Amino acid sequence: MAAPPSGKVVYEQEGVFIHSSCRKNDDQDSLISGVLRVIEKENEVIVDWRPLDDTLDTSNILCAGKDSSSVVEWTQTPKEKCSQGTDRPSSYEAEWDMVTTVSFKKKPHSNGDATAHANGESKWSFLFSLTDLKSIKQNKGGMAWSYLVFCLKDDVKLPALHFHHGDSKLLIKCLEKHVVLSESPQDKRILLVNSQNKSLSQSFENLFDEPSYGLLQKLKKDPYTVTMGRFSKVTNYIFDSFRLSDPSSQRRPPSEMADFLNDAIPELKINQQEEPGFEVITRIDLGKQPDVSRREPVLAEEWAKNMDSEGRILNVDYIKQSIFKGGLCHTLRKEAWKFLLGYFPWNSTKEERASLQKRKTDEYFRMKLQWKSVSEEQEKRNSRLRDYRSLIEKDVNRTDRTNKFYEGEDNPGLILLHDILMTYCMYDFDLGYVQGMSDLLSPVLYVMENEVDAFWCFVSYMDQMHQNFEEQMQGMKTQLIQLSTLLRLLDSGFCSYLESQDSGYLYFCFRWLLIRFKREFSFQDILRLWEVMWTGLPCQNFHLLLCCAILESEKQQIMDKHYGFNEILKHINELSMKIDVENILCKAEAISIQMMNCKELPQAVSEILGLETSSVTPDSDTGEDESGAVLSCLTSSYQSVSTPVTAANGTRDGTQQMSETQSLTPA
């Protein structure tokens with residue numbers, strides 16, 4: 001008999017039968033005797049059944065060990081064939097949510113034999129992870145033996161297991177050590193599974209199907225691991241309350257849920273009295289938002305015209321402004337992104353960039369060799385490296401797999417994604433790999449189509465995003481505080497409404513901030529959005545104004561329909577793939593113009609946006625007093641290029657521009 005999967009066997013029972021009735025003329029079942037095991041592995045718990053005469057090569061079993069997806073394999077007759085096939089749910093969140101996929105491989109069998117293939121291999125062996133189990137159906141009372149039917153989360157039912165030589169109660173007790181089982185209100189024979197796996201390295205996609213009390217215990221036990229691994233999907237976690245079979249008995253009250261979010265995660269809890277940067281924002285009239293238009297993407301010809309004979313960018317401010325207003329054509333991205341991300345200095349020559357790439361190539365492969373040369377014996381003594389590798393392999397297998405660049409098996413794009421992330425662990429071993437980082441790398445590698453260039457661009461991007469993934473979560477905490485401050489200035493009434501629904505801390509924006517909207521827009525729209533943000537225009541923290549723009553667009557529906565805590569989270573989650581990127585960019589730019597033109601902008605807001613209030617002295621030749629303080633953007637040259645802005649009344653508003661000759665510090 002083939003060996004079971006490696007790990008600690010915590011339950012083993014022989015004499016567990018499958019009753020097969022594949023033969024058309026059979027009046028009774030064919031009995032297939034097998035062994036049922038529950039096996040604890042490092043990151044999950046596996047339920048494994050195989051016939052006693054199983055000579056199946058385990059390499060042919062599609063196991064979920066690497067990606068936590070449940071995979072079962074057996075041959076089915078046309079009568080048994082499952083109508084679901086291998087289709088995945090159409091939700092875009094499939095790669096981040098716990099989506100179970102059952103893959104059926106059609107194999108030849110001899111003359112309808114229910115127990116063996118033509119090659120002698122059993123077709124009935126199956127295994128699955130407990131994280132993929134939805135329910136267990138038990139037998140009716142009064143039978144000579146007990147049986148169980150396992151139903152997976154995509155509603156695929158496995159063959160019934162009949163316990164001829166023992167009771168199924170011992171198995172149930174074993175499973176209850178790893179999951180919470182509760183009777184279905186509709187049928188007491190059915191035990192509903194509420195996953196409560198204690199493995200801290202389990203991927204955060206499980207959050208979508210996890211009950212609140214299970215997650216609460218995990219958060220209290222180790223808030224960093226669970227939060228950084230899973231809290232970006234808090235919207236899906238709340239959404240789960242709408243999917244349970246008996247919402248009235250399972251759903252936590254909104255007020256209790258809000259307390260859970262605030263109290264169970266001490267690293268993220270925001271205290272306005274203790275946190276710096278909070279300022280009482282009185283109602284300020286920002287004026288009407290101007291109408292803003294966008295231009296066509298920058299083309300290769302326009303880019304080339306702004307380079308001298310040695311390959312230097314002639315007018316950096318103009319290029320940045322043009323990219324901010326229209327983005328880049330795709331053919332330019334491979335070159336321009338290296339400048340935008342800081343891999344290439346803006347004032348470098350073509351020769352200097354070639355020399356830099358040569359040095360960086362050598363440096364990259366030296367770091368890559370460090371993890372490539374680690375033997376299996378060494379890795380057994382390096383738990384951190386093992387953990388990093390395990391997480392990376394798990395995430396790579398589900399990152400943007402619908403994109404042609406990453407789809408299919410043995411895709412070279414996946415190998416590069418894996419190798420770059422492993423090498424980054426060598427570059428920054430303290431941070432290593434945290435779930436979500438693969439989503440930041442994926443578009444960069446897609447554009448660069450080069451391992452070394454993609455790595456160094458990713459390093460530059462991670463320099464910006466580093467605090468999002470640090471253990472203390474200070475980056476996320478700070479951004480939520482800043483977003484709250486900006487939103488209060490923009491619409492204090494909406495903020496008050498959110499607070500009344502226990503949503504004032506804007507935790508539902510967590511995913512937006514953590515991976516810069518990667519899951520909110522289509523892949524192509526993300527390329528556009530990111531390159532616009534990388535210009536550093538029109539101000540510091542423009543991504544927070546993008547959040548404000550999205551929330552302002554949804555405010556009316558949220559307030560008119562009186563959405564509560566759960567409904568707000570559900571609504572925000574369902575915006576994914578429905579947001580118009582160009583419209584939101586226009587709206588966010590209009591908000592920035594509003595705030596930069598405000599003469600009474602609160603100091604806290606000025607600091608968030610990187611604006612400096614320059615009081616006019618008597619020596620100034622502007623003739624303005626302190627009440628007409630000029631707000632200048634320190635981190636960008638947004639207003640250095642004269643680009644007409646169409647105001648709300650349709651006229652050209654020249655007051656929103658600064659002279660082209662004004663000297664500003666580049667981003």
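A: Buried here means under 20% relative accessible area. K518 has a relative accessible area of 2%, so K518 is buried. The model is a predicted one.

Start with the first partner. D400 forms a salt bridge with K518, and the closest N and O atoms are 3.0 Å apart. D400 sits in the loop between α12 (383–396) and α13, while K518 sits in the loop between α18 (510–514) and α19 (523–534), so the pair ties together parts that are 118 residues apart in sequence. D400 has 3% relative accessibility, so D400 also counts as buried.

Now the other partner. The side chains of D439 and K518 also meet in a salt bridge, at 2.9 Å from N to O. D439 belongs to helix α14 (residues 437–448) and K518 to the loop between α18 and α19, so this pair ties together parts that are 79 residues apart in sequence. Both D439 and K518 are buried.

As background, side chains of opposite charge can pair when their charged atoms come close.

For context, the whole structure holds 27 salt bridges. Among them is the one between D419 and K368, with the closest N and O atoms 3.2 Å apart. D419 lies in helix α13 (residues 412–427) and K368 in helix α10 (residues 350–372), so this pair ties together parts that are 51 residues apart in sequence. D419 is buried at 7% relative accessibility. K368 is buried too, with a relative accessible area of 11%. Elsewhere, R294, R333, R528, E531 and E582 are linked in a network of salt bridges.

Terms used. Residues are numbered from 1 along each chain as its sequence is written. This is a predicted model: local features need pLDDT of at least 70, side-chain atom pairs count only at pLDDT 80 or more; totals for chains, interfaces and linings use all residues. Side-chain values use heavy atoms; hydrogens and water are left out. A salt bridge is a side-chain nitrogen of Lys or Arg within 4 Å of a carboxyl oxygen of Asp or Glu. Helices (H or I, at least four residues) and strands (E, at least two) are DSSP runs, numbered from the N terminus. Buried means under 20% relative accessible area, exposed over 50%, partly exposed in between (1.4 Å probe, protein chains only).
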